Amino acid sequence: MKKKEMIAMLLAGGQGSRLGVLTSKVAKPAVAFGGKYRIIDFPLSNCINSGIDTVGVLTQYQPLRLNSHIGIGIPWDLDRNIGGVSVLPPYEKSGNSEWYTGTANAIYQNIDYIDQYNPDYVLILSGDHIYKMDYEVMLDYHKSKNADITIAAMPVPMEEANRFGIVVTDEDNRINDFQEKPEHPKSNLASMGIYIFRWSILKEALIKLKNQSNCDFGKHIIPYCFEKQDRIFAYEYNGYWKDVGTLGSYWEANMELIDIIPVFNLYEEFWRIYTNNDIIPPQFIADSARIDRSIIGDGCEIYGEVYNSVIGAGVTIGHGAVVRDSIIMRDTVIGAGTQVYKSIIAEEVVVDEGCVIGIGDEVPSKLDSRIYAFGLATIGEKSYIPKNVKIGKNTAISGKTETSDYPDGELKSGEYIIKAGEM
Amino acid sequence: MKAIGIILAGGNNNKMRELSQKRAIAAMPVAGSYRAIDFALSNMSNSHIQKVAVLTQYNAKSLNEHLNSSKWWNFGRKQGGLYVFTPSITADNGFWYRGTADSIWQNISFLKNSHEPYVVIASGDGVYKMDYNDVLDYHIEKKADITVVCTKLSANDDPSRFGIIKTAEDGRIIDFEEKPVETEERTVSTGIYIIRRRLLIELIEKCAEEERHDIVNDILIRYKNIKKIYAYHHNEYWSSVSSVNSYFKTNMQFLSPEVRNYFFKQYPDIYSKVDDLPPAKYNPGSNVKNSLISSGCIINGTVENSILFKKAYIGNNCTIKNSIILNNVYIGDNTYIENCIVESRDTIRANSHYVGEPGEPKIVTVRGDRYQI
């Protein structure tokens, strides 16, 4: 009989719309991070490093890249005879067929998958956080408290607590109150969206709430269990944890990797982060190149200057080009003489020669001022930027643009070009 | 493909100087991210050879570690696989491999239990790309018994460490001289052979009966008038890393865009074991020119015309010039290194100074306290 003590369910179906054009063609967990990785590598590596060898990945929005990245799980040693990684998209049923309408609904639709492994515990993870965590320690804690549910939570500054879902605990760490983005927080412990459930408890709740529309863990399942006085505990986590949900936090988290001794250190022997390495040659740094305070991925060819930036694998930076304070993702080409300032340029983009990107005043975005802020210029994957154009701040570009798309050769700050069929 | 593969990775020689202490030549790191045997393995995989045996005996630890999984080269299927054969004591044999032919003889069951009609034999120290199907087509077209892949050395290569080949007009080999003291010829054997499996079994068994152990001397040279042995000319890049100077030169050739594009960008790819290292990191003070840098490196100093293999740490105010730094080396602050090959897993103390002669690289092997980065 198959038996796993704990299996993980990784929620990777969301679009992550606040990442704008970066997620126009890929789900957020598949967005590149740190010059080599994709966001989902962090929870997947945490799983295998914690001894969890059975992971269900729930996909829905634009799953192609996620599917090909995960494959059968070889990079994470998750290719197993029993267990391993399974990608779980929504599927047609004889009665009703529906998409995953909420985080808990996605798990509800895969109860059979979980039951196959007959687990005692189920770990719920989300696919859009950057952190290293030993889930086994959390499970030990869960068992020692004889808990029904354990929620990982981390202390945040009291004055920022109003941006988070806050848990309030007694002296035994049992949760006695929840506050969602409270005006007057009673605690500074923020929920990280990482849960361990006793499977019998979760299954019962999922079935009970199966008709709840958009059934969600934070909004429905946890409150339901709290109501019926299940034992819910907070597990305090004090390491590095970053939600890269916005362009600003995504940019910041990448930049933090460049520090001389980063708080989130990828160079430690312990707790490696694994990824699908399909570009393996070394990088070439030419005579004309100048690189300072940057991390650069495998297989790059650098002829220009790179300062304070994160460069993905297989990127070419031409002669005389200057890249500053930017993130350039894999296989992108920056043409000769082009200058890039504080930009995020996604995968397989071609920026032709002589462009200047990320200059001018900060003007709020006309497309969506909540998404395209932080003074960043953002260019979606497979875009083309023609020769000698200027692109301002808080801009968004997606698609193969032509010189005629740029009045007077310029895309002013706050403007955008989204080519038809690209969004 | 209708062939199985054998990679001869047993050897080492004194031309590798101190570099031979740690590993077989086939396990020598090449071009930052690879090892020598990756080229033969990738060529076999890309030629759709599914079943490959690696024969090794000299200090095989590095090689075994490198080959601990066959998935990186796309072997390890139900049909076929990657086999590593080291000498073992059996009821009727207690010898080490006494030569290339003997190493095959000791594993003759691998040949006998296969059903593919041909065998591709390659050495583990060649750096090249080749579709062995092209060689096989030539072999069949010529109705050859054995086909030897040859290449023409460039003017400044020393032919005396190779087998020198003379052919008739139709490509048949009429003379074969192994490692001559002096020669005017430039056409050399690359150590890649194609032969029918049954014929190979027959020749190997005959050799064993006569207590002969070497493929070149006891098969190719001895049978050159009896069997039809043809030369196939490989006109693209080929290099053997079997001496310190050629090892150094081969690596440095990857700094030229032609060689780099040929191996790194053009189809098909060369595969290697994946190490899961983070991307290279350039800290304030780093100054890198005309160099290859591999994953896991952290650079704080100056690097010029050099190749840093995986996970090199270069301290503050260091200068590395015209040098090769092998895997997992820690170089302390204020160190100067020029024209050197720094052996893997070394720790160079701060304020060190190592300089070799141009064209005659110094091999640096020091064992200091191990830092963990």
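This is a predicted model: local features need pLDDT of at least 70, side-chain atom pairs count only at pLDDT 80 or more; totals for chains, interfaces and linings use all residues.
**View 1. The interface of chain A and chain B.** Contact (heavy atoms within 4.5 Å) links 42 residues of chain A with 41 residues of chain B. The buried area, that is, the accessible area (1.4 Å probe) lost on putting the two parts together, summed over both, is about 3200 Å², and carbon and sulfur atoms give 50% of this. Tyr267(A), Ile280(A) and Pro282(A) supply 22% of the area that chain A buries against chain B, more than any other three residues.

**View 2. A salt bridge between the chains.** Glu269(A) and Lys311(B) join through their side chains in a salt bridge (2.2 Å, N to O). The count between the two chains is 2 salt bridges, each defined by a side-chain nitrogen of Lys or Arg within 4 Å of a carboxyl oxygen of Asp or Glu.

View 3. Strand 14 of chain A runs antiparallel to strand 16 (residues 291-293) of chain B, and 3 bridges join them. Strands are DSSP runs (E, at least two residues) numbered from the N terminus, and two strands pair if DSSP finds at least two bridges between them. Opposite Phe284(A) stands Leu292(B), in strand 16 of chain B.

Residues are numbered from 1 along each chain as its sequence is written, and chains are lettered from A in the order in which they are written. Local features need pLDDT of at least 70, side-chain atom pairs count only at pLDDT 80 or more, and totals for chains, interfaces and linings use all residues; side-chain values use heavy atoms, with hydrogens and water left out.

Conventions
Helices (H or I, at least four residues) and strands (E, at least two) are DSSP runs, numbered from the N terminus.
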